[in-house]
Each structure stands twice: as structure tokens, then as C-alpha cells.
Amino acid sequence: MSKRLRCLGLEKEVINRLHKHNLITCKDVLVRSSLELLNLLDLGYSTVLDVVDKSSRACAPTAVTALDLLLVRQKGKSNAFVKTSLESLDCVLRGGIPVASITEVAGPSGCGKTQFCLMMTVQVLMLDDVCGVIYIDTESAFDAFRLVEIASSRCPDVFETDESLKLLASRVFVCNERTCSDLMKRLEHLEEVIIEHKAKLVIVDSIASLVRKEFDPSLSKNMIERTKLLSKQAAILKLIAENYSIPVLVTNQVTTRFVQKRGLSDDDLHIDVSDSLHAETDDGYVTVALGNTWSHCVNTRLILQFVDDKWREIMVAKSPVAPFIKFIYTIEDKGIVLEDEGADQYRGTDPGLQMIKVRSAATSDVII
């Protein structure tokens with residue numbers, strides 16, 4: 001319903017008249033009767049019907065068969081993934097980060113989530129010379145200097161001049177959102193930005209930050225509203241990913257999940273464990289934030305965690321194609337670098353319950 005009318009292929013004169021009367025989205029048209037639109041726009045009856053018809057079709061796309069989906073999948077098989085440049089991970093994921101779906105990268109602070117996002121930004125921008133990346137930053141974590149450093153370190157032959165690096169940076173469109181309402185408005189109008197900048201990747205870093213600040217988890221009503229908001233955001237992101245055949249990458253935080261003491265079964269208690277809480281105690285354990293409902297909204301989940309001061313692990317915690325497997329990595333000038341012999345399978349569980357190792361702020365030790 002929030003789809004912009006200017007994306008429907010209407011004539012420019014019709015769009016101008018609609019905008020003149022503050023009719024911007026499909027919802028603005030569909031909440032009015034044909035008679036209201038006739039009187040308001042002073043257009044022919046057939047034109048009004050065409051506007052209503054296109055608005056309706058945009059909001060309620062026609063059903064497709066399994067055969068239709070199979071043919072589309074086969075036709076676009078070569079473009080079904082975007083490589084991460086981490087060869088072992090790409091091999092396990094059958095090609096890389098899948099398009100037309102949501103991939104989540106979760107983990108404690110400092111383990112490399114934003115580094116992964118910047119790496120993927122560089123990877124996508126190397127696909128062609130005109131595509132762009134939409135980077136929605138909710139934590140002021142985006143670092144343009146780090147982006148340039150990763151690009152020049154990973155691909156010195158491609159980005160060997162200042163001019164090439166400036167051109168790369170000019171195709172990354174950073175949106176700083178500081179409230180849940182601002183983020184929701186951005187997502188509702190994201191299609192226009194994607195079309196305008198020919199975006200081939202959308203990043204939200206992080207999806208958890210704003211809701212954990214604004215919704216007090218001690219009130220059950222707040223948790224219900226938070227879950228509704230996250231579900232709406234996920235629905236918009238999935239629709240965008242499918243309609244434009246692009247990957248959507250989001251980052252998530254970690255929390256302590258109390259089970260024995262509090263008996264909670266879904267959402268977290270908004271306790272920040274990014275640096276110092278135990279991964280497992282008598283009362284709970286560290287896991288991915290936002291609860292089980294959100295964990296079912298993402299198609300692929302990668303968990304980053306600490307091993308020690310130098311080494312970290314990237315775990316495939318949820319994937320429709322990959323087994324439960326983890327890789328050892330370090331963070332260098334070129335970003336995340338996998339160790340050659342660091343892969344190992346592990347006994348997985350519900351992705352919303354997977355325990356995560358975090359680093360103690362006091363001792364710099366990794367707590368399991």
C-alpha cells in the first residue's frame with residue numbers, strides 16, 4: 001500500500017495532478033472512491049480507472065504457480081547469489097549471499113559485522129560501473145575511510161588511483177536513521193531510492209539498535225508492538241528483495257536470554273552484552289537479539305563470535321542450502337580473512353537459541 005504512484009508507469013501529467021492533490025502512494029488512491037478521484041483530479045473516467053487498476057495490481061500482485069517460480073529461478077540461476085569473496089563460505093552457501101532474500105549477520109560488538117557489510121559493499125560495486133548500494137546506518141558505524149581501505153587492499157589493481165576510489169565511494173548512498181519511525185519511513189520509500197541509484201544491495205546496520213532503545217522489554221505491551229514493527233520491516237525488506245532480485249543484508253546484536261529464572265520464551269530483556277556478559281550462566285546465555293519471531297523473518301543467518309583476542313568464528317546458523325559449519329577468521333586491512341584450515345562442522349540448534357561466545361571487557365578473555 002505504501003508503493004509510490006510514480007513507480008507505476010503512469011503518464012507524467014497524471015502523476016503531476018496526483019501529486020498536486022497530495023496523492024503520493026497507492027494507499028492515497030485506493031482509500032478514495034472513483035467519484036472522489038474524478039472530482040479531485042479532473043481527469044477522464046477511463047484514466048481514473050487506469051490509475052485505480054494499476055494501484056490495485058501493485059498492492060495485490062497476481063498469484064504464480066510453482067512452475068513459474070522454477071522457471072524464474074532457472075533463468076536467473078547465475079545471478080542468484082552475490083559472492084562474499086570468502087571462497088570457503090561462498091562454496092558452503094552455494095555461491096554466496098542469496099538475492100531475493102534477507103541475510104542477517106549477528107554477533108557481539110567488535111567481531112566484524114560492519115566489516116562484513118563494507119566488504120559486501122565493495123563486492124557489489126565491482127559487479128558493474130553504474131550500480132549502487134543503499135547503506136542504512138542506525139548506529140553511526142559507517143566509516144568511509146574503512147570502505148576505501150578495504151577496496152584498495154582487496155582489489156589494488158582495480159582501485160589503484162584516488163579517482164577510482166572516489167568513484168566507488170560516490171555510489172554508496174548512506175542513510176542515517178535515528179528513530180524507529182524514521183527507519184520505517186525510509187523503508188516505505190526505499191523503492192524510489194533503489195530505482196534512482198540502480199541499487200544492487202540494501203544494508204541495514206543495525207536492525208536491532210533502534211527498537212532496543214525505544215521499546216522497554218519489561219512491559220509486555222511494548223514487546224508486542226516491537227514484534228509487530230519488526231515484522232512490518234521484514235515484510236517490506238523481503239518484498240523489495242524479491243521485486244528487484246537483490247540481496248538485503250542486516251546486522252543484529254546479542255543479548256542474554258533468561259530461561260530458568262524468568263521463564264521467557266521469546267524476546268530478550270534488552271540487556272547489552274556486547275562486551276562483558278557470560279555466554280552461559282545458571283540463569284541464561286548469550287544469543288542473538290530480537291527473539292524467535294524475528295529469527296524466522298530472516299532467510300540466512302550468519303553468527304560472528306570471538307575465539308580469542310586474535311581469532312574469531314563465523315557460523316552458518318541458518319540457511320536453506322548450507323549445513324551447520326563454522327570458519328576461523330581474522331580482521332585485517334582487507335577486511336575479514338578466513339583461515340585456510342579453519343572450517344569445522346558443529347551441532348546446530350534453533351537459530352534463535354544458538355549460544356554465542358563473547359569477550360570480557362575486564363580481562364579480554366573469551367567467555368563460553
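pLDDT is the predictor's confidence in each residue, from 0 to 100. The structure shown is a predicted model, in which local features need pLDDT of at least 70 and side-chain atom pairs count only at pLDDT 80 or more, while totals for chains, interfaces and linings use all residues. Residues are numbered from 1 along each chain as its sequence is written, and side-chain values use heavy atoms, with hydrogens and water left out.

**View 1. Confidence along the chain.** The protein averages a pLDDT of 85, and 87% of the residues score at least 70. Over residues 260–266 the pLDDT is below 50, and this stretch has 15 contacts (heavy atoms within 4.5 Å) beyond near neighbours in sequence. Residues 268–278 also stay under 50, with 47 contacts in the model beyond four places in sequence. Where pLDDT is low, the predicted coordinates should not be read in detail.

**View 2. Helix α13, residues 220–244.** Helices are DSSP runs of H or I, at least four residues, and strands are runs of E, at least two, numbered from the N terminus. The expected span is 1.5 Å times one less than the number of residues, so the 25 residues of α13 should span 36 Å; the end C-alpha atoms are 36 Å apart, which agrees. Just after α13, S245 takes a positive phi of about 50°.

**View 3. Strand β8, residues 254–258.** Five of the five residues of β8 are buried. V254, T256 and F258 lie on one side, T255 and R257 on the other.

**View 4. Pairing of β8 with β9, residues 284–288.** The two strands pair (at least two DSSP bridges) in the antiparallel sense over five bridges. F258 stands opposite G284 in β9.

How values were computed:
Buried means under 20% relative accessible area, exposed over 50%, partly exposed in between (1.4 Å probe, protein chains only).
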